[in-house]
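The sequence and structure are shown first.

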Amino acid sequence: MNKRVLFIDDDERILAGFKRNLHGTFEVDTAVGPEAGLQKARENPAYAVVVSDLRMPGMDGIAVLSKVRELCPDTVRVMLTGFADLEAAIAAVNEGNIFRFLTKPCETTYLIGVLTAAVEQYRLVMAERELLEGTLRGSLKMLSEVLSLLRPEIYGRISRIAPYVRPMSRLCGDPSPWQTEAAGMLCLMGFIILPDSVISRVERRRLLTSEDTALYQQHAEVAAKLVANIPRLGGVATAIAYQEKNFDGGGFPVDAVRGKDIPLGARILRVLLDFDRLVSSGQVKSEAYKTIKQGTGLYDPDVVVAFGEVLGEEGKYVIAQIPLKSLRDKMILAEDMFVTRGGKQVKVLPRGYELSSVALEHIAKLARYDAVTDPVKVIIHSDA
């Protein structure tokens, strides 16, 4: 359990007293003054509790704990002051979301009781977060695995764009990179409603009939509605819904949203999905990127520039031949995987497919009855 407590005060004697009296019960750290306190909160592993004095030169405790809340939103905050000031207490609770408001001098026994309750509050918050995030990750993984089994070719596309999503989010200053990654994992869920003929025409960039176009345009909406049913994924659903939207406002959905008002995750997906279509249709990556750059009005120029930087990093990855038994989770297939069945080769997984525990188990089962490609060409980092 995290029992790290940071005390912020401008009186070094008081801080020394906290360390002396609470030693052995909590992991006590101290900071003299508000700036030093905020620096410690910013640079050190998360504290379970931060206790700040109210009256300090330069910045009062209310402002300090408000900034601590921004830096470490899960950390429990406690105010300690020598002034029994009701207005200050109300302001501290309202502005800093304070867990407790204590007055000096505070008896050690009582302080220990408050800190124990604060540490427990921190534990409960973190436990709830871990439960929610674990459930969320499990839901995303389950949906992704279902798609990999139902539509391995489509899942191959997702696996091919996945390595680009995180670095592009970072370069574009994405405030919610996890949402963009989730959108990348689930953006093609709606393809399960599309006939193979329509998918084939889209992948080959062939002209669609008006009926096929109307059907194809439903895939993003269907995927968005499926994802919106999962708690906390509203932003992910919105990014998926706008993945086919042009930067100039064209495309679909048909509405007034355009430019930077389109969710960043959707703007990133727009570039990556079209790039993958171009490469899959036979263009080399340099040509495909040039085509993307020339797509005036289709893509966010800043996202296109970021993608160029990410592509420049690809030189750090190499193709290696790995024995079938040595394949591991998250390796990416550099070529299609086949089994020999009845004298014929049958493709079971496409190039670009990111291996998972489910896929590895599936491959192991196939290998019991059929001759599976061995060794397997996969993409790995040159430092691996």
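Strand S8 (residues 337-341) is joined to S9 by five bridges, and the two run antiparallel. Strands here are DSSP runs of E with at least two residues, helices are runs of H or I with at least four, and both are numbered from the N terminus. Two strands pair if DSSP finds at least two bridges between them. Within this pairing, Arg341 has Lys344 of S9 as its bridge partner. The open sheet has three strands in the order S9-S8-S10, with antiparallel pairing. Its edge strands, S9 (344-349) and S10 (371-372), each pair on one side only.

The model is predicted: local features need pLDDT of at least 70 and side-chain atom pairs count only at pLDDT 80 or more, whereas totals for chains, interfaces and linings use all residues. Residues are numbered from 1 along each chain as its sequence is written, and side-chain values use heavy atoms, with hydrogens and water left out.

On the surface, a nonpolar patch is formed by Met142, Val146, Leu150, Ile192, Ile193 and Leu226, together exposing about 500 Å² of accessible area. Patch residues have over 30% relative accessible area and no salt bridge, and nonpolar side chains are joined within 5 Å; a salt bridge is a side-chain nitrogen of Lys or Arg within 4 Å of a carboxyl oxygen of Asp or Glu. Areas come from the Shrake-Rupley method with a 1.4 Å probe, and for residues only the protein chains shown count as cover. Helix H5 (residues 108-150) supplies the largest share of the patch, three residues. Ile192 lies in the loop between helix H7 (177-186) and helix H8 (196-203).

Relative accessibility is classed as buried under 20%, exposed over 50% and partly exposed in between.

| Residue | Relative accessibility | Class |
|---|---|---|
| Ile192 | 37% | partly exposed |
| Cys106 | 21% | partly exposed |
| Cys187 | 0% | buried |

Zero disulfides are found in a search of the whole structure, the criterion being a pair of cysteine sulfur atoms within 2.5 Å. For Cys187, the nearest cysteine sulfur is that of Cys172, 16 Å away.

The structure holds seven aromatic pairs. Rings of Phe, Tyr and Trp (its six-membered ring) pair if their centres lie within 6.5 Å; planes under 30 degrees apart are stacked, over 60 edge-to-face, and the rest tilted. Tyr164 and Phe307 are edge-to-face, at 5.3 Å centre to centre and 90 degrees between the planes. Tyr164 belongs to helix H6 (residues 152-171) and Phe307 to helix H14 (residues 301-312), so the pair ties together parts 143 residues apart in sequence. Tyr164 and Phe307 are both buried. Ring pairs also link Tyr164, Phe275, Tyr289 and Phe307 into a cluster.

Key
Patch = residues over 30% accessible without salt bridge, like charges linked within 9 Å, V, L, I, M, F, W, Y side chains within 5 Å. Buried < 20%, exposed > 50% of the residue type's maximum accessible area, 1.4 Å probe, protein only.
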